[in-house]
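Subject: Structure handover

Hello,

Here is the structure I promised to pass on. Please look it over, then read my notes below.

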Amino acid sequence: MVLSGRKVITSNAKSITRDNLLKVLTEAKMVHTSNQAEIEYLYKYYKGDQPILSRTKEVRPDICNNIVVNRANEIVAFKTGYLCGEPIQYINRNGEDSVTKNINTLNEYMFSEDKASQDEEIVEWGNICGTAYRLVLPDETSEADEAPFEMYTLDPRDAFVVYYSGIGNKPLMGVMVSQDENNVTHYSIYTEDKYFHVVEMSIAEESPHTMGMIPIFEYPANNARLGSFEIVLPLLDAINKVESNRLDGVEQIVQAFIKFINCDISKEDYESFLKMGAIKVKSVDGASADVGMVTTELNQDQTQTLSDNLYQTVLTICGMPNRNGGTSTSDTGSAVLLRDGWSLAEARAKDSEHIFKRAEKQMLKLVLKICNTMGELDLKLSDISLKFTRRNYENIQSKSQVLISMLQQEKIHPLLAFSSSGLFIDPEEAYTLSMKYYEEQKSAEKPNETQETERTDQTQEGMENGKD
């Protein structure tokens, strides 16, 4: 199967109404069906169901080892853990105490909704098939909990968003597909102001909603919606073939054919030979007789070189660090990160961050609208910045030195020093806590200084009295 990313589902309709809903849905379903088949293939590949398992051999078909070296799973696991191994934090962009308090409350809401694990699911789906979807809905009255909203990660095989094909490419509708116990297909469709329930391409329900937005948000992994291992599928298949053929080569040596030259042996004698481990043969017409093995040994050194080259190429294309950490060199610090590919992995992760943040901001608009409507928070999207906590303690000594040097300069505001050093996940919170601690320490020192001054005065007074 030739794969080149998921297709974006578009429509030339400027808005979705009851009149054009089924027409747009029918056209979108055709593209989604194609995307769904590709996602299913990639998901099975990620789980280990790969083409090598259906390989056949025409020569010696009895020796056919089908080995899956699941590098696809390795790539997805690394990129998912590297990008969001730690929870994504919301931090204050303005520095106001009231905003900081509200953002802390928002982070608590996200913790109660277990957003960290849902973010990991989103990133994992994106690395597998190039896209992922999230659903955000306000709490029902009977389901009110700590957070006034609910969040769900959707299976991209059963969800899609239709975009306007004109300028702006604004989303027109979000769709969730499901089947009941009778295999009847149901479509749950959200537009900006309405909810439709379609059963077997017939509108069964239509109702308004007050969210003012489509609550289904797409998180594409990149503009082409390519999975992280999709571009190296031919190389991954080649690695499987090399490893399978290597094992075939070993097994064919162990189970090599026996050749009989100028000697005649019956089937019974051969079976006896297999049991006893020895055989007596007689030459034919006085010709020289010989018994040996028909073997052709596979050059394992050359095969290993080929396998290593394929794997190294996969790592380079996917932007992953290599496994040369054990090589003895004089490189240290940043040179090691550059040599072993960690800088490339960091660059790819930062690129993924920007695309993730763009979708996250759209989701936050709805979350803030729900929270503000419920009277829980008073926040604007411009108050919030997203912070990935990945590798925050890299080069910690250098960052500490930068912070100390900037704090020693009278013309640099301490908050700028905290922000520019890169030492803290949330520099504003770190600055606030540090200043509070600093003031507490200064307040504690004043009584001590007063007491020390009093003791000094008393000592001097005692010495003067003694002289008298």
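First, a term you will need: a helix crossing is right-handed if the near helix is turned clockwise from the far one by less than a right angle, and left-handed if anticlockwise. Please also keep in mind that this is a predicted model.

Helix H4 with H9

By that rule, H4 and H9 cross in a right-handed way. H4 covers residues 115-129, and its axis comes within 13 Å of the H9 axis. The two axes cross at roughly 130 degrees. Angles from 65 to 115 degrees count as roughly perpendicular and those over 145 as roughly antiparallel, so H4 and H9 are oblique to each other. On the H4 side, the contact uses Lys115, Asp119, Ile122 and Val123. On the H9 side, Phe356, Glu360 and Met363 take part. Sorted by class, this contact holds four nonpolar residues, three charged ones and no polar ones.

Helix H2 with H9

H2 spans residues 71-84. Its axis and that of H9 come within 10 Å and cross at roughly 70 degrees. H2 and H9 are therefore roughly perpendicular to each other. This crossing, too, is right-handed. H2 contributes Phe78, Lys79, Tyr82 and Leu83 to the contact. H9 contributes Trp342, Ala345, Glu346, Arg348, Ala349, Ser352 and Glu353. The residues here are six nonpolar, one polar and four charged.

The nonpolar cores

Which residues touch the most other members of the largest nonpolar core? They are Leu106, Phe149 and Phe229, in a core of 93 residues. Helix H9, residues 342-373, gives the most to this core, with eleven residues. Setting aside neighbours within four places in sequence, Leu106 is in contact with Tyr90, Leu364, Val367, Leu368, Leu377, Leu379 and Ile384. Another core lies apart from the largest one. This other core has seven residues, among them Leu403, Phe418, Ala430 and Tyr431. As background, nonpolar side chains tend to be buried together in soluble globular proteins.

The chain as a whole

The protein chain has 468 residues, and 38% of them are buried. Its secondary structure comes to twelve helices and 13 strands. Take the contacts with a separation of 6 or more: 67% of them join residues 24 or more positions apart.

Best wishes

Technical notes. Residues numbered from 1 in each chain as written. Predicted model: local features only at pLDDT ≥ 70, side-chain atom pairs only at ≥ 80, totals over all residues. Heavy atoms only, no water. Core = buried A, V, L, I, M, F, W, Y, C linked by side-chain atoms within 4.5 Å. Buried < 20%, exposed > 50% of the residue type's maximum accessible area, 1.4 Å probe, protein only. Helix = DSSP H or I, 4+ residues; strand = E, 2+ residues; numbered from the N terminus. Contact = heavy atoms within 4.5 Å. Axes fitted to C-alpha atoms, helices over the stretch in contact; angles between N-to-C directions. Parallel < 35°, antiparallel > 145°, perpendicular 65-115°, else oblique. Nonpolar A, V, L, I, M, F, W, Y, C, P; charged D, E, K, R; others polar.
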